[in-house]
Amino acid sequence: MRKKIIATTSLAGCFGCHMSFLDIDERILDLVELVEFDKSPIDDIKKFTRECDIGLIEGGVCNSENVEVLKEFRKHCKVLVSFGECAIMGGLPALRNTVPIRECFEEAYLHGPSVEEANEEMILPNDEELPMILDKVYPCHEVVKIDYFLPGCPPRADLIWNTLYALVTGEEVKIPYEVIKYD
Amino acid sequence: MDTKWIEKIVDRYGRDKTRLMDILIEIQQEKGYIPSDTLPVIARMTGISQAWVEQTVSFYHFFRREPSGRYAVFLNNSVVANMMGRDKVARTFEEETGCQFGEVSEDGLIGLFDTSCIGMSDQEPAALINGKVFTRLTPFRVREIVRNMRAGKPVEELSTSGYGGGSNALPLIRAEVRNNIQRKGPLLEENYETGTVLREKLRLLTPEEVIWEVKLSELRGRGGAGFPTGLKWEFCRRAKGEKKYIFCNADEGEPGTFKDRVLLTEYPGLVFEGMALAAYAAGASEGILYIRYEYKYLERYLNHVLEEMRKNNLLGKNIAGIEGFDFDIRLQYGAGAYVCGEESALLESAEGKRGEPRFKPPFPVEKGYLGRPTIINNVETLCAAVKILYFGSEWYRTMGTENSKGTKVLSISGDCRYPGIYELEWGYTVNDILDMAGADDVQAVQVGGPSGTLISPEEFSRIICYKDLATGGSFIIFNNRRDILRDVVHNFMEFFIEESCGSCVPCRNMPWLLKQKLEKILSGHGVWKDLEDLEKWPEIMKINRCGLGQTAANPVITSLRNFRALYEEKIQKGRCFDEGFDLEKAVEESCEVVGRIPLI
Ligand SMILES: Cc1cc2nc3c(=O)[nH]c(=O)nc-3n(C[C@H](O)[C@H](O)[C@H](O)COP(=O)(O)O)c2cc1C
Ligand code: SF4
Ligand code: SF4
Ligand code: FES
């Protein structure tokens, strides 16, 4: 059987979901038997080198670069999975959704305690190289079609493992209660 | 700060934390809002935490935390108000006052606010201004009203319209509200003098016999759920507890219902007598009429009626000369929350708390108000019970159908020539009723309010009764010019979003998600999957704690079932994904703020 090819990315996320992915511990040895990684922070491949079977998305969509990356993922992956609260609902970054953009900028770059003195010229970053900030943080499925959702902040390693295993082998996914219980 | 005036109010209610609603209502009325510095005083005097006071204040629509204008205008935004020209009225208010809805004019004179159905669907658009009801508003009248506000006139003199008919014109009410009684049956017939049952029948009957008679009549609750009334009374009679209570539910929050308002205006004696009758049957000593804030204009009148009944020995000690039959009634006002019509939320509210429904069991007949056995009945149920005792269950059973005996008072509104209340035997078809109300060219009827069913002409031969189309009485008619999805379903979803108490996750979120989906479809971005989602998602609503959440998806469910074509014609064919995400629009604002040209 050809090894399945996986890509992963962290958009507006904290990398916690990827950390949880690594919490599969020694099963990572089984994993490399089953899959190869393409574009992913795990192997540090920056650009898609081929078509992939599965894409895992951490984090929501907060700027124009996230949109671009997410659309790339949709183009190159047969199956896309939103993993983690941020990807599914925007998560913590989406707290800014109720605050006008101008206020967010002013707090972040002009008046916040950590920048107050440092930004004497009162500059709001506007270099062309920088991604443009979106009016709000979007969940991934409001930008591209997402096939599966793994809840949790972060999702448990077992949930990630079980899901990947099922997607790769075509077996039914095991979701025992412990794996999706959150308190 | 001078706290004397607050202390006086709290003292008037015996520093009783369970009377928090009354305390807050008085402060609200005196100041036009609940100033923050009143909270610690209330908390200290009633012995509850300030957070407790705060959570109650924050729950109710009519408790304002900020000054809301010397004239606070609450303009109804129910579906019928919109159909009858609310938009023009609202625009005129905004133009004349210079502020938007949700704001107070700069000089602090006038505040404009939306509010859910205020029980005037047969005379929309309607508004409450400082508690006074204004109906049939037009842009012309709005200009006149605002002019009079600027001249500093009292609310009573804001408008030159006359008074409504019947008791509405009495000095104690003086409201422009109309009764619009279009059809009378045995309940609304004036062939009965208040107190006759208490005076003439009860001395011959034991409480058990009263219950038996109500049971024989097969009377079921008229508030919507249809629980057998005799059985409820019996449960309460059997429940252990030295003190028992009778509540009359006059919250009447279901949009499109207004019959309880008319019953309380024209037959208050009958309602109170019904409560006394229930008290006799159950052995209760105290009665509370829980009435919505929107009907505050009836307060003086209702208190007067109670006073008269006390004078006539129809309330108080040894009622009607029956030894040991002691019972009295007081009013308990709400402060704007549809969910408080749900019986256990109503009890919470009456105890001075947030109107959050309780888990059941235990049911109120066992553990109700203050944990004691309590009967809660709808206004109309109690009226019917009196007539049953007067004319006999035999007589009552001659009316209606096999499974639904007697009559039902319907509140009919929307696109028809004769909106108003209709007392009908159970068993008429929707077509019959449309005929009676003078409705032509009908596209749809909402039976039972937003929580009920939206039916199409194919179903107009269905019958109004518990077995087929059960209803608490709301009957809203839409003609063929109405946009069902935009004008009706969308409005109803906004209603539920506004009114959910927020305790249950599905109830708090699903109506919002459904509304978003609906908006997506209406904006032309819908795909087939959206219809599938609209069908599947509401299933989870069954697990909600109370009837509000359990029915909050009904506008979507029933319109999708009966008007599917309206949805389908808006769906994009041949596309399976479209969230309508627009990158250009999404970055517009941030680029403007930092001063850069978007490059896409
Ligand atoms: C959200 C909600 C709102 C309700 N509103 C009312 C109401 O305004 N008036 C009413 O009588 N019953 C209302 N009910 C029904 C009451 O919970 C209760 O069943 C009724 O008052 C019992 O009286 P009955 O047996 O005489 O009908 C409501 C129920 C729910 C779930
Ligand atoms: S879901 Fe939680 S762990 Fe994952 S990226 Fe968001 S904040 Fe981090
Ligand atoms: S169903 Fe809705 S209104 Fe009822 S208790 Fe739950 S959240 Fe509150
Ligand atoms: S929902 Fe609040 S912490 Fe999870």
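I looked for salt bridges first, and across the interface of chain B and chain A the rule finds 0. A salt bridge here is a side-chain nitrogen of Lys or Arg within 4 Å of a carboxyl oxygen of Asp or Glu.

The model is predicted: local features need pLDDT of at least 70, side-chain atom pairs count only at pLDDT 80 or more, and totals for chains, interfaces and linings use all residues. Residues are numbered from 1 along each chain as its sequence is written, chains are lettered from A and ligands numbered from 1 in the order written, and side-chain values use heavy atoms, with hydrogens and water left out.

**Entry: interface**

I then looked up polar contacts between chain B and chain A and found 5 residue pairs, both residues at pLDDT 80 or more. A polar contact is a pair of N or O atoms within 3.5 Å; within protein, one must be able to donate a hydrogen and the other to accept it, and residues adjacent in sequence count only if both atoms are side-chain atoms.

Which helix gives the most to the side of chain B that touches chain A? Helix α24 (residues 583–594) does, with 8 residues. Helices are DSSP runs of H or I, at least four residues, and strands are runs of E, at least two, numbered from the N terminus.

I noted 17 residues of chain B in contact (heavy atoms within 4.5 Å) with 22 residues of chain A. The two chains bury about 1,800 Å² between them, 66% of it on carbon and sulfur atoms. Buried area is the accessible area (1.4 Å probe) that two parts lose on being put together, summed over both. B:Phe581, B:Val593 and B:Arg596 supply 35% of the area that chain B buries against chain A, more than any other three residues.

**Entry: B:Asp415**

I found B:Asp415 in the loop between β11 (407–414) and β12 (420–425) of chain B. Is B:Asp415 buried or exposed? B:Asp415 counts as buried because its relative accessibility is 11%; the cut-off for buried is under 20% relative accessible area, with exposed over 50% and partly exposed in between (1.4 Å probe, protein chains only).

Its side chain makes a polar contact of 2.7 Å with the side chain of B:Arg482. The B:Asp415 side chain also reaches the backbone nitrogen of B:Asn479 at 2.8 Å.

**Entry: ligand 1**

I checked oxygen atoms of ligand 1 against the backbone. A backbone N or O atom of B:Gly223 lies 2.7 Å from one. For B:Glu252, a polar backbone atom is at 2.8 Å. For B:Glu343, a backbone N or O atom is at 3.0 Å.
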